[in-house]
Structure formats: C-alpha cells, structure tokens
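User: I have a chain to go through and a few questions about it. Can you walk me through the model?

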Amino acid sequence: CPTIPMYDGTPHPAIGFGTYKVGFIPASASSVTAATTTATEPQQIQRTAEECISDALQSGYRFLECAEFYGNEHEVGKAIVSSGIP
C-alpha cells in the first residue's frame, strides 16, 4: 500500500477504507437511502460491519476512516481485534 510520511517520518497509508453506512444506516442518512424501503418493508442489512471491515483488513487496508456518528464502532472494533493485526 502506498504511504505518505507523517511529520515525524512515520508512514501513513495513502488509501483508507471508509466505514460510513457499512452495516448500519444512521437515522440522518440521505433521503435517497430512506426512500428505498417502506414502512412495511424494513431495510435489510446484507452484511455486518464486522464482516465488511474484516474483508477490508484481509485485503490489506490498514487505515480505517471511522466516526461515532456512524453507529458501527462496536463492530469495527470487533473486526480489528479478531484480525490479529497488531
């Protein structure tokens, strides 16, 4: 993975994996997403955030873009712990 040197020389991955809307759709997500379901047909999650993040880590990603707002931090953390990556 290409890296960018930080001020202290530490290499930082140049490509990251965003976790927004991964395994969870925040309540304030766009109306386009909300319009894809009806009141009688709840939105189905195809894969959990843990599964998606695990795949990203296995594929070589080492920079995960995360935020508490996304609501999936617990599953992101589980994926990181179970990956065995130091």
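Analyst: One term before the rest: a residue counts as buried under 20% relative accessible area, as exposed over 50%, and as partly exposed in between, with a 1.4 Å probe and protein chains only. This is a predicted model, where local features need pLDDT of at least 70, side-chain atom pairs count only at pLDDT 80 or more, and totals for chains, interfaces and linings use all residues. Residues are numbered from 1 along each chain as its sequence is written, and side-chain values use heavy atoms, with hydrogens and water left out.

User: Is Tyr70 buried or exposed?

Analyst: Tyr70 is buried, at 11% relative accessibility.

User: OK, and how many aromatic pairs are there?

Analyst: There are 4 aromatic pairs. Rings of Phe, Tyr and Trp (its six-membered ring) pair if their centres lie within 6.5 Å; planes under 30 degrees apart are stacked, over 60 edge-to-face, and the rest tilted. One of the pairs is Tyr20 with Phe69, which is stacked at 6.1 Å centre to centre and 20° between the planes.

User: Where do those two sit in the chain?

Analyst: Tyr20 is in the loop between β3 (17-18) and α1 (31-34), and Phe69 is in the loop between β4 (64-65) and α3 (73-83), so the pair links distant parts of the chain, 49 residues apart. Helices here are DSSP runs of H or I with at least four residues, strands are runs of E with at least two, and both are numbered from the N terminus. Tyr20 is partly exposed at 33% relative accessible area, and Phe69 is partly exposed at 47%.

User: What does Tyr20 do with Tyr70?

Analyst: Tyr20 and Tyr70 form a tilted pair, 5.0 Å centre to centre with 50° between the planes. Tyr70 lies in the loop between β4 and α3, 50 residues from Tyr20. Tyr20, Phe69 and Tyr70 form one aromatic cluster.

User: Change of topic. Which residues make up the largest nonpolar core?

Analyst: The core has 5 residues: Ile53, Leu57, Leu64, Val76 and Ala79. Such a core is a set of buried Ala, Val, Leu, Ile, Met, Phe, Trp, Tyr and Cys residues joined through side-chain atoms within 4.5 Å. The elements giving two or more residues to this core are α2 (49-58) and α3.

User: And what is Leu64 in contact with?

Analyst: Contact means heavy atoms within 4.5 Å. Leaving aside neighbours within four places in sequence, Leu64 is in contact with Phe17, Ile53, Leu57, Val76 and Ile80.

User: Which residues of α2 are buried?

Analyst: In α2 they are Ala49, Cys52, Ile53, Ser54, Ala56 and Leu57. The buried residues of this helix pack against β3, β4 and α3. Gly60 follows α2 and has a positive phi, near 115°.

User: What about Asp55?

Analyst: Asp55 is in helix α2 and is partly exposed, at 33% relative accessible area. Its C-alpha atom is separated by 9.6 Å from that of Ser83, which is 28 residues apart from Asp55 along the chain.

User: Last one. How do the elements of the chain run?

Analyst: From the N terminus on, they run β-β-β-α-α-β-α, with 3 helices and 4 strands. Of the 86 residues, 21% count as buried.
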